[in-house]
Amino acid sequence: MKISDDAEQRKRTVLVISGILIFVTVFVLLYIRFVLPPPVPQEKGLMDRFGTLQIYPTVHGGREWFINMEDPFGDKFVSINSDTSVNHQSDGSWRVNGSKVRIRIETPPGQEEWKNVEMTGYVRIISPISTTGSNEYSSQSDGEEDGDSLDPHLTWRARGGRHNDMVPCEGTALNGDLYIDGKVAWKKEIWHTGGYTDARGVSEIPSSILNKWIGWKTIMYNIENNSAVKMESYLDMDANNNWVKVSEVEDKGGWYADTSDEIFRSANCGRAKDYIVTNSGLIATFRADNLIFDFKNLSIREI
């Protein structure tokens, strides 16, 4: 009789332990599914055409653009300001010298506009261009103006069209900024130029980025059923494919333009003052202000 009782006790113990394991497993799976944010799919170690590490893979059927290093502006969908000096260097890179550099990559007719993108480029910043005591940078060639800082910096931006005061409502953008003093940040532009916000995701790079090759990535993609946006910035400080995230921002609302209500509403764009830039845009731009720098291996990929 005792043997039978022991067997029954072991059976009950096994059932209890099994029940606990099942409960814990179900709890963990439900926690991952409904509490933790869903991860953005990645393929570790995947390289692009230039041999540059991708943070996120190109989405299935997504568009990829890579600059032609032999003739960067031979593509009719690629343009640069007419007043910018561009010179080929002995190492195959290109040197640009201009107070306001805008390398614009347009969307060909019939193709999806730039929206969820990973923008990448390698640069070597030679020196800043001084603007002390001058107003020559108050407006830009090609009829453009600028509401953003003109301190020497790089900006990879997307999700808008022409940034021109004649069509202010086209000028939406998410701007990933890298300043020569080592500061990184994100700014949002709801319209051009009275719709700029303050900076978010601000951090400092501990070492100098001058006179050395570095990689700069800005990434933007919609989240939460296209109701919000996540922005990420990465640096490759030694140009050896060691990419480190240096800034990230989520915009779910409450990130307001920093102009007065009167100025903000003067453009009549019909947008809230904290409009979330979830829209796509015809043009993505590799931008630089008041810098002399070399560039190579620019790319944009849909993720």
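Start with the largest nonpolar core, which has 44 residues. Trp65, Ile103, Phe286, Phe293, Phe295 and Ile300 touch the most other members. Strand β13 supplies the largest share, 8 residues. There is also a second, separate core of 12 residues; Trp213, Tyr221, Tyr234 and Ile303 are among them.

Now the terms. A nonpolar core is a set of buried Ala, Val, Leu, Ile, Met, Phe, Trp, Tyr and Cys residues joined through side-chain atoms within 4.5 Å. Buried means under 20% relative accessible area, exposed means over 50%, and partly exposed is in between, using a 1.4 Å probe and protein chains only. Strands are DSSP runs of E with at least two residues, helices are runs of H or I with at least four, and both are numbered from the N terminus.

Keep in mind that this is a predicted model: local features need pLDDT of at least 70, side-chain atom pairs count only at pLDDT 80 or more, and totals for chains, interfaces and linings use all residues. Residues are numbered from 1 along each chain as its sequence is written, and side-chain values use heavy atoms, with hydrogens and water left out.

Back to Trp65. What is Trp65 in contact with, leaving aside its neighbours within four places in sequence? The list is Asp75, Val78, Ile105, Trp114, Phe286, Leu298, Ser299 and Ile300. Contact here means heavy atoms within 4.5 Å.

Next, the strands. Take β11, residues 228-236. 9 of its 9 residues are buried, so β11 is largely enclosed by the rest of the structure. Both faces are covered. One side has Ala228, Lys230, Glu232, Tyr234 and Asp236. The other has Val229, Met231, Ser233 and Leu235.

What pairs with β11? Two strands pair if DSSP finds at least two bridges between them. β10 joins β11 through 9 bridges, running antiparallel. Gly215 has Asp236 of β11 as its bridge partner. The β10 and β11 hairpin has 4 residues between the strands, and Glu224 takes a positive phi near 50° there. β12, residues 244-251, is also antiparallel to β11, with 7 bridges. There, Met231 is partnered by Val249 in β12.

Now β8. 6 of the 7 residues of β8 are buried, so this strand too is largely enclosed by the rest of the structure. It runs antiparallel to β7, residues 173-179, with 6 bridges. Leu178 stands opposite Val184 in β8. The β7 and β8 hairpin has 3 residues between the strands, and Gly182 in the turn has a positive phi of about 100°. On to β9: 3 bridges join it to β8, again antiparallel. Val184 has Ser203 in β9 as its bridge partner.

Most residues other than glycine have a negative phi, and most peptide bonds are trans. Look at Asn211 and Asn290. Asn211 has a positive phi near 55°. Asn290 also has a positive phi near 55°. Which is buried, and which is exposed? Asn211 is exposed, at 52% relative accessible area, and lies in the loop between β9 and β10. Asn290 is buried, at 1%, and sits in strand β13.

One more. The peptide bond from His192 to Thr193 is cis, with omega near 10°. Thr193 is in the loop between β8 and β9.

That's my tour. Questions, please.
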